[in-house]
Amino acid sequence: MDSYTAVSILVALGAMLSYINLRFVRLPGTIGIVVLAAAVTIISLILRNISPTFAEALRDITERIDFSRTLLEIMLGFLLFAAALQVDFDDLKAQFRPVLVLGTVGVILSTVLFAFGFLFLTRALDIDMPLIFCFLFGALISPTDPVAVGAVLRQSPIPRRLETIITGESLINDGVGLVLFVSLQEVADPNVDFHFSDAILLFAREVIGGITLGLALGYVAYRLIKATDDFQTVVLLSLALVMILSVFTSAVHASVPLAEVAAGLFLGTRLPDSKAENSPKAYLNRFWHLIDEILNTILFVMIGLQIVVLPFLSNYLVIGLLSIPLMVLARGLSIALPFLLQFRREKQTPGSLRILTWAGLRGGISIALALSLPDSSHKELILASCYCLVLFSIIGQGLTLGPLVTSVAQPKQAEA
């Protein structure tokens, strides 16, 4: 099967699962697609002795499309730009301090807490897992996924202030988490002589370089888009911005996620809002909302299908399940500590900590990073456990976030 055929089948499968979910299952869009794709894969594996052709076709599709490279190098830039373009900058500016603290300090705290917790868990189960690989696992699972977060928040009755904090945090901590993951990979490589000063330089190049390039090219695109009201030209300019930005930042080893977020925020802020349907801002919103929905559907189908390339999943199911409370606990503590130290004097929405903890969804980026690890038994354990955590996060947390927000709001309404 060639790559074009694999992509065509993947898109067709996404369309079919989206239709089945809409007509019959009626789960929230992206969650329903993950559930159905995973169900199709599991059923095909169970029945492969009866009908091996279908199971092999699914495996061929999944192996033909490199999930890690496709997401990190191709899809992520489009998804982050689309998400940043739709963020209300005034709301984000008002919540800048908690967003910045949770997107940086929170990620580092969660990585450390999860790493030591996972080390204790593996030792308790008599599994040999080096501490550096525990930290790698912590770095890839700690950042919340902006794609998964955005998909779920759109269908949750969450207070606007908390929605802004969660969305902003997910856009920032993605770049921070990637830099942390790359630094730890360098430390784990015995062939690389890595020092703390190298980590500082890497962070500066990735973060400052990414944001600078995003703002610079975003400004160029803004000047060009502002001068026209032609739909095709506006759309092509925005597409060129996202693609060229990805190429440039990759070439200079800067952070693609932070560059795309900076460019999206800049364009979304500088272009004037207009109720007219033929304004550049309206063109961009309509087009990028559609791109966001299409790529989200394809991404979540790919997440569901990953089971077919995880034949070792059952061997590590226990540790994967035991990692779930560890992930939630690390997330909760990493939020609670900054909140208690920095924001205790500010008026908080009732149940803020519970909502922020539960709304920290993980998604395809964590799986993609786990897949990028060098082949070893440690990678297999991390990948299988990571997949359990992502499925729980998207399905379990995604389905229960709305009821949690509602239950937290009810006591307040009763007092009023």
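Me: Which residues line the largest cavity?

Reply: The lining is made by Leu140, Pro143, Thr144, Asp145, Asp174, Gly177, Leu178, Ile365, Ser366 and Leu369. Lining residues have an atom within 4 Å of a cavity point, a point on a 1 Å grid where a 1.4 Å probe fits but cannot get out. The model is predicted, with local features needing pLDDT of at least 70 and side-chain atom pairs pLDDT 80 or more, while totals for chains, interfaces and linings use all residues. Numbering starts from 1 along each chain as its sequence is written, and side-chain values use heavy atoms, without hydrogens and water.

Me: How many cavities are found, and what is the volume of the largest?

Reply: The whole structure has 4 cavities of 30 Å³ or more.

Me: What classes of residue line the largest cavity?

Reply: Its lining has 5 nonpolar, 3 polar and 2 charged residues. Gly counts as polar and Asp as charged.

Me: What makes up the lining of the second largest cavity?

Reply: Leu10, Ile61, Thr62, Ile65, Met302, Leu305 and Gln306 line this space of about 50 Å³. At least two residues come from each of α3 and α13 (280–305). The classes are 5 nonpolar, 2 polar and no charged residues.

Me: Why is leucine 47 called partly exposed?

Reply: Buried means under 20% relative accessible area and exposed over 50%, with partly exposed in between (1.4 Å probe, protein chains only). Leucine 47 has 39% relative accessibility, so it counts as partly exposed. This residue lies in the loop between α2 (29–46) and α3 (52–64).

Note on methods
Helices (H or I, at least four residues) and strands (E, at least two) are DSSP runs, numbered from the N terminus. On a 1 Å grid over the protein atoms alone, a cavity is a set of points where a 1.4 Å probe fits but cannot get out, and a pocket is an open set with protein on both sides within 12 Å along at least five of seven lines; lining residues have an atom within 4 Å of a point. Grid points are joined across faces, edges and corners, and a volume is the space filled by probe spheres set on the points.
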